[in-house]
Amino acid sequence: MKSILSEASRVPFAARVEEIVASTLVYDIHTHLYDPAFGELFSWGIDDLLVYHYLVAEAFRFHDLPYEKFHALTKTGQADLIWNELFIEHSPVSEACRGVLTTLHLLGLDVKKRDLPAIRQWYAGKTVENHLTRCLDLAGVKKICMTNSPFDPVERRVWDGGFARDERFTAALRIDPLLVAWPETAPVLAQWGYAVEPVLTPKTLAEIRRFLADWSRRIDARYVMVSLPPDFAFPADTDIAKLIEHAVLPHCREFGMPFALMLGVRRAVNPALRLAGDGGGVSNLTALGNLCAAHPDNKFLVTVLARENQHELCVLARKFRNLHIFGCWWFTNIPVVVDEITRMRIELLGLSFTPQHSDARVLDQLIYKWRHSRRIITDVLVDKYTDLAQTGWQTTPAEMERDVKELLGGGFERFCAAGG
């Protein structure tokens, strides 16, 4: 609900909040970006922007090319098809399409010309190093947390070989195969020298903890993370629940790091779409409440995929101080839902959450994801500070700066450090 204060009284107030939000540097706490040293895993440029899986799925709403023929095209061929379908044959009004245009516009390109070859030529003149710095500056991002999986053979080779790390990139240890496919993952760990068996014996659990410790140290992980399906249950007589309780949580306590849970993904709803084929569902958040209650010495970073779960998640966060909510993930990262969720969280939790993460897979996406998110965060804060002013409470610019720093990464860093 908008404040009853006159619009005229809001203008200077709003301008000050907008300036603070725009100028505060972000710690982007969850992305799929990589340090440039990872080579082929470092995605950037117009073709990577256009073949982003959000746009792939959207393009298939219009064209009838068989899935396998699309995937057989070169990246350039796929990008050409998506550009023609979503930007030329139809107005690019979706959030994913608008994001591409926001990015190109802020990079200084003239999007109204609709000239894809010229855009490619512009990118061809850029170096990774200079473009990385430019994107971070335009996005106002000071630090990026990667998603790092020891089970990705390309990524693993880079870690095994060693490299000079870019200090702007931090790491998070992603362990999905360990939890959701333990029978298939056990032989892999055994091959790597860990004395594990498919049956979760005490010795196997100890060896899994050794694996987690080795990789947490190797990559200097800020947190351990996993995405889980909507039907995840805890406690339960399942490999996932047992591994979390007897390996992951003890490891996180020992290392003083949070366990990040991304809840609600249904993998391969349409396998023919590959990465674009995943869906979502409403999660059983009773499992999360049980985790927080049974393990008060563990810290949990949580985001949920279903809009229907957002209110219950906020209520849980009011009850458990070891739970920190972050971001508007994937299908909820559209303006209408981001605005709703951010207002709900502020009204229930004050400033004790992290409203957004980019989830970017392509470097350039940082520009639009943070430009769009800052707009919404600004609008919400202006309304909330104006509501306070109506009561006679005056929020000072210094207090606003403090609050915005908390929301854009400070709260996350404080949570990670708490009790550590």
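**Rings and their neighbours**

Reader: Why does Tyr223 count as buried?

Author: Tyr223 has 2% relative accessibility. Buried means under 20% relative accessible area (exposed is over 50%, partly exposed in between; 1.4 Å probe, protein chains only), so Tyr223 counts as buried. Please keep in mind that this is a predicted model, where local features need pLDDT of at least 70 and side-chain atom pairs pLDDT 80 or more, while totals for chains, interfaces and linings use all residues. Residues are numbered from 1 along each chain as its sequence is written, and side-chain values use heavy atoms, without hydrogens and water.

Reader: What makes Phe412 count as buried?

Author: Its value: Phe412 comes out at 0% relative accessibility, so it is buried.

Reader: How many aromatic pairs does a search of the whole structure find?

Author: The search finds 19. One of them joins Tyr34 and Phe38, with 5.2 Å centre to centre and 45° between the planes. Rings of Phe, Tyr and Trp (its six-membered ring) pair if their centres lie within 6.5 Å, and planes under 30 degrees apart are stacked, over 60 edge-to-face, the rest tilted. So Tyr34 and Phe38 make a tilted pair.

Reader: Why is the pair of Tyr223 and Phe412 called edge-to-face?

Author: Their ring centres are 6.2 Å apart and their planes stand at 85°, so the pair is edge-to-face.

Reader: What does the pair of Tyr223 and Phe412 tie together?

Author: Tyr223 sits in strand S4 (residues 221-228) and Phe412 in helix H18 (residues 397-417), so the pair ties together parts 189 residues apart in sequence. Both elements are DSSP runs, numbered from the N terminus: helices (H or I) have at least four residues, strands (E) at least two.
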